Amino acid sequence: MNETTDLGNASILEPGLRLRKDRIPSPAGQENHDNDQLYEQKSLLLESHRSCEQKKSSDSPGGNEATQEDERFMGMLPLLQAHHAMERMEEFVCKVWEGRWRVISFDVLPDWLKDNDYLLHGHRPPMPSFRACFKSIFRIHTETGNIWTHLLGCVFFLCLGIFYMFRPNMSFVAPVQEKVVVGMFFLGAILCLSFSWLFHTVYCHSEGVSRIFSKLDYSGIALLIMGSFVPWLYYSFYCNPQPYFIYLIVICVLGIAAIIVSQWDRFATPQYRAVRAGVFLALGLSGVIPTLHFVISEGLLKAATMGQIGWLALMACLYITGAALYAARIPERFFPGKCDIWFHSHQLFHVFVVAGAFVHFHGVSNLQEFRFMVGGGCSEDEMQ
Ligand SMILES: [Zn+2]
């Protein structure tokens with residue numbers, strides 16, 4: 001119980017140490033469970049203590065003090081004063097700074113880090129240091145796959161975007177206009193993927209940082225959807241600018257509404273997982289209306305060939321599958337603890353997002369090529 005008092009003090013001083021405060025083992029019925037957690041937390045602190053011990057003894061001749069402190073800690077003396085709690089906090093930060101943290105189980109995570117209870121182990125502890133968070137990119141934990149899927153996706157779309165922007169102007173009917181329009185898609189994709197890998201990297205920093213970056217992450221999804229609509233609407237309604245502008249305004253309004261909704265604090269909570277998936281799915285599926293408009297006005301055959309509806313349908317399938325896995329937490333719900341590091345739903349969702357965005361780009365490239373082949377002119381039939 002004594003160490004609990006100490007840990008409670010520490011948690012007041014530093015959000016990163018709330019981990020310990022959350023686990024004060026007061027209810028008698030949970031004693032064994034809490035003892036396990038305490039053991040784990042104690043191990044963490046002891047590890048931190050030793051990692052900094054050498055550093056301390058080189059700074060001052062008080063090496064024995066550190067040993068005594070360790071003994072007192074081990075012996076669980078009745079009262080540890082507030083400055084000891086501060087020392088613990090410094091040691092913890094020191095340990096994180098040195099990259100000496102180790103992964104912990106879901107049970108000992110603070111509430112703000114508890115997102116998916118089917119991932120039982122392999123979580124990063126709270127690490128109130130950006131340096132430590134960024135160094136954790138190269139460690140194996142529950143977020144490793146989430147970070148790398150979108151970090152590599154981001155680099156891929158950045159390269160693809162640069163390549164596209166430097167394509168010779170003679171390959172376009174209206175080079176500047178078309179590059180701006182397709183550039184909107186690349187901007188949306190790069191922002192979405194950047195916000196995402198950044199969020200997953202600093203997610204364990206602190207509650208405040210996690211909250212800010214989760215909002216950026218959700219806003220990024222809305223930006224990707226909005227950016228995807230721009231070139232697709234541009235080429236689909238190339239000869240009919242009125243519906244193009246109307247649909248563009250509608251998707252911008254809906255996208256901004258989704259961004260506003262995602263600023264709501266509770267939107268990021270595990271209870272709203274299905275709502276989140278629903279909001280972004282609905283935003284993406286609002287594309288069904290302009291698609292139907294196109295199919296009705298151009299005919300199914302023209303829509304399938306000229307309109308690249310097949311690629312659009314594949315893209316929709318990828319996004320819907322990704323969102324469904326994300327909302328239902330498949331496959332980890334069937335194998336709790338077996339997908340902690342690889343192949344859990346969030347990682348699969350990330351892969352589906354990158355694949356969906358690439359399929360969309362491929363469809364848009366085909367639309368652009370078709371427009372270039374017909375020379376940019378619009379027949380009277382097309383302009384109606
Ligand atoms: Zn994510």
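Which residues does UniProt list for "transmembrane region" in this chain?

1. The unreviewed UniProt entry lists residues 147-166, 181-204, 216-238, 244-262, 274-296, 308-328 and 348-365 under that heading. UniProt positions follow the numbering used here, feature names are shortened, and annotations may be inferred rather than shown by experiment.

2. The model is predicted: local features need pLDDT of at least 70, side-chain atom pairs count only at pLDDT 80 or more, and totals for chains, interfaces and linings use all residues. Residues are numbered from 1 along each chain as its sequence is written.

3. The protein chain contains 15 helices and zero strands; helices (H or I, at least four residues) and strands (E, at least two) are DSSP runs, numbered from the N terminus. Residues 147-166 are 95% helix, with end C-alpha atoms 29 Å apart. Residues 348-365 are 100% helix, and their end C-alpha atoms are 26 Å apart.

4. Of the 384 residues in the protein chain, 39% are buried. A residue is buried if 20 or more other C-beta atoms lie within 10 Å of its own, exposed if 12 or fewer, and partly exposed in between, with C-beta atoms placed from the backbone.

5. Helix α11 (residues 273-285) has the buried residues R276, V279, F280, L283 and G284. Seen down the axis of α11, these fall within an arc of 130°, so they line one face of the helix; the arc is that of the directions from the helix axis to the C-beta atoms. Exposed residues A274 and A282 sit on the face turned away from the buried side of α11.

6. The buried residues of α11 pack against α9 (207-236), α10 (241-261) and α14 (309-328).

Note on methods. Contact = placed C-beta atoms within 7 Å.
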